[in-house]
Amino acid sequence: MKKIILTMVLAVAVLACKSDKVKTSDAKEVDPTINATTAETEAYTVLADKSTLTWKGFKPTGSHNGTVGISAANINVANDKLAGGKFTIDMNSIKCLDLPREGNYSALDLEGHLKNADFFDVEKFPTALFEITDVKDGDEGKINVSGNLTIKGITKNITIPATFGAANGFVSLKSEPFKVDRTEFGIEYKSMKLVDMIKDKSIDDLVEMSFDILAQK
């Protein structure tokens, strides 16, 4: 009986872990009505100092988390609803928030490693990009935002549950936490998929992300 219960618990845990991984597909053409300013749409400029893209990476012994800056972005709005947008992400601004800035294996050490060719290779790919391709109504007042995510020159289309609000010349766009498989973007360092990788030395292929965007007319 205990074995059956344990099996059920493990199955639920696996399903829960997979449930927040976004499905990816090949890049999609941007709908001409998306990301185009017309008489019906208004362009809002994202306030980079008040907007955050967060990340969290996992390994068998724990996790690390931090932020990445947004260098340029805009959101298009029509009738107080999200109608498009494009976000340029400054990969050189990667920060780790859970390690000390100095000492043995500091935040600076991890940031430097994330910037090199093992991970994001920021010298060759200084920016990442998210361009909205579609917006649909979701459940419980949320929306489903689809967009082309480009990392290291590889583009995949993903769909993210989010909330959107507009008031007094400002708009906010906040995503639910979602997970992206880094190996789909050519980041295979210590991947759990490598046959010869020692599991307790591996790094989880799924990276958790979320964003909280504020923009002004």
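Reply: D134 forms a salt bridge with K136, and their closest N and O atoms are 2.3 Å apart. A salt bridge here is a side-chain nitrogen of Lys or Arg within 4 Å of a carboxyl oxygen of Asp or Glu. The general idea is that side chains of opposite charge can pair when their charged atoms come close. The model is predicted, so local features need pLDDT of at least 70 and side-chain atom pairs count only at pLDDT 80 or more, whereas totals for chains, interfaces and linings use all residues. Residues are numbered from 1 along each chain as its sequence is written, and side-chain values use heavy atoms, with hydrogens and water left out.

D134 is partly exposed, because its relative accessible area is 25%; the class of partly exposed residues lies between buried (under 20% relative accessible area) and exposed (over 50%), computed with a 1.4 Å probe on protein chains only.

Another of them joins E131 to K86, with the closest N and O atoms 3.8 Å apart. This pair links distant parts of the chain, as E131 is in strand β6 (residues 127–137) and K86 is in strand β5, 45 residues apart. Strands are DSSP runs of E with at least two residues, and helices are runs of H or I with at least four; both are numbered from the N terminus. With a relative accessible area of 18%, E131 is buried, whereas K86, at 34%, is partly exposed.

A further salt bridge joins E176 to K142, whose closest N and O atoms are 4.0 Å apart. E176 lies in the loop between β9 and β10 and K142 in the loop between β6 and β7 (143–151), so the pair ties together parts that are 34 residues apart in sequence. Both partners are partly exposed: E176 has 31% relative accessibility, and K142 has a relative accessible area of 24%.

Salt bridges also link K21, D181 and K193 in a network. T183 lies in the loop between β10 (178–181) and β11. T183 counts as buried because its relative accessibility is 14%. Beyond its neighbours within four places in sequence, T183 is in contact (heavy atoms within 4.5 Å) with E188, S191, K193 and D205.

Strand β3 (residues 52–59) runs antiparallel to strand β11 (residues 206–216), and 5 bridges join them; two strands pair if DSSP finds at least two bridges between them. Along this pairing, T52 stands opposite D212 in β11. Strand β3 is also joined by 7 bridges to strand β4 (residues 62–78), again antiparallel. Here W55 stands opposite G66 in β4. The two strands β3 and β4 form a hairpin with 2 residues between them.

W55 has a further place in the description, in the lining of a pocket. The largest pocket has a volume of about 810 Å³. Of the 46 residues that line this pocket, the closest to its centre are W55, G57, L114, F119 and V207. Strand β3 contributes the largest share of this lining, 6 residues. A pocket is found on a 1 Å grid over the protein atoms alone, as an open set of points with protein on both sides within 12 Å along at least five of seven lines; a cavity is instead a set of points where a 1.4 Å probe fits but cannot get out, and lining residues have an atom within 4 Å of a point. Grid points are joined across faces, edges and corners, and a volume is the space filled by probe spheres set on the points. The largest cavity has a volume of about 30 Å³, and its lining consists of M91, F120, F125, T127, A128, I151 and K152.
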